[in-house]
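Hello,

Here is the structure I promised to pass on to you. Have a look at it first, and then read my notes below.

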Amino acid sequence: MAERRGCPLPKDVEEWFSGLGEEFLRSINVEAGHSVLDFGCRIGNYSVPAARVVGFTGKVYALDMNHEAVDELVARANALGLGNIIVPIKTRGELIIDLPDKSVDVVLLYDVIHGILGSAGTLDPFRQLLEEIHRVIRSRGIFSLFDKHIEETGFNLGDIVREIENLFSYCGQSTARLMHWDRLEEGTIHTFQKLA
Ligand SMILES: C[S@@+](CC[C@H](N)C(=O)[O-])C[C@H]1O[C@@H](n2cnc3c(N)ncnc32)[C@H](O)[C@@H]1O
């Protein structure tokens with residue numbers, strides 16, 4: 001993964017794809033054999049390292065309404081020999097997840113909340129998505145949130161965490177070097193667990 005669209009990757013981004021991304025995903029308890037849903041995957045900055053961690057006994061469901069980005073992710077996955085692990089799900093932005101109940105171990109919702117809520121002034125779309133995420137996660141599975149751009153929605157992190165705590169138990173936050181868009185920077189991750 002030394003280039004994107006024929007251009008060499010910046011050194012830190014190359015570092016992400018040469019082990020740092022996998023190390024981070026293991027730190028939030030992604031394991032070999034897991035099924036991971038990357039909701040709002042874009043070009044797979046998390047799906048690709050997740051596929052390397054879960055391996056051939058696992059699956060990464062890479063869901064996005066941006067079909068061009070999903071196509072780029074699929075090309076990336078195929079070039080890296082990860083095509084059998086990453087399952088693309090192209091949507092029209094609906095907040096319904098086409099996966100069975102209790103079928104995934106980990107859901108990543110990274111840098112997506114502002115896209116779900118916009119500036120509509122209501123948490124209702126997020127509540128709908130949370131119910132779907134809760135439905136597809138198995139008992140004791142992990143819901144992991146990268147809280148970028150929440151302020152643009154008119155809500156704050158406390159509002160979002162309180163909403164999630166109606167369905168999940170809050171395990172805490174951690175900081176790490178993370179991919180944000182196509183740059184590596186320090187970010188905060190919030191981890192929740194489904195208890196029932
Ligand atoms: C800023 S990108 C983050 C990509 C990736 N999660 C990451 O952290 O690198 C946000 C992505 O979420 C997608 N997205 C936003 N709302 C969505 C929805 N309702 N359904 C599916 N995808 C959505 C966008 O199309 C976009 O690709």
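Let's start with two helices: H1 (residues 11-27) and H2 (residues 47-54) pack at an angle of about 70°, and their axes are 8 Å apart. Axes here are lines fitted to C-alpha atoms, for helices over the stretch in contact, and angles run from 0 to 180 degrees between N-to-C directions. Helices (H or I, at least four residues) and strands (E, at least two) are DSSP runs, numbered from the N terminus. H1 is therefore roughly perpendicular to H2, a term for angles of 65 to 115 degrees.

Before going on, please note that this is a predicted model: local features need pLDDT of at least 70, side-chain atom pairs count only at pLDDT 80 or more, and totals for chains, interfaces and linings use all residues. Residues are numbered from 1 along each chain as its sequence is written.

Where the helices meet, Phe 17, Gly 21, Glu 22, Leu 25 and Arg 26 of H1 are in contact with Val 48, Pro 49, Ala 50, Arg 52 and Val 53 of H2 (C-beta atoms, placed from the backbone, within 7 Å).

Next, find Arg 177 in strand S8 (residues 169-180). Arg 177 counts as partly exposed because it has 16 C-beta neighbours inside 10 Å (20 or more would be buried, 12 or fewer exposed, with C-beta atoms placed from the backbone). Leaving out residues up to four places away in sequence, Arg 177 touches Leu 20, Leu 184 and Glu 186.

Enjoy exploring!

Key:
Parallel < 35°, antiparallel > 145°, perpendicular 65-115°, else oblique. Contact = placed C-beta atoms within 7 Å.
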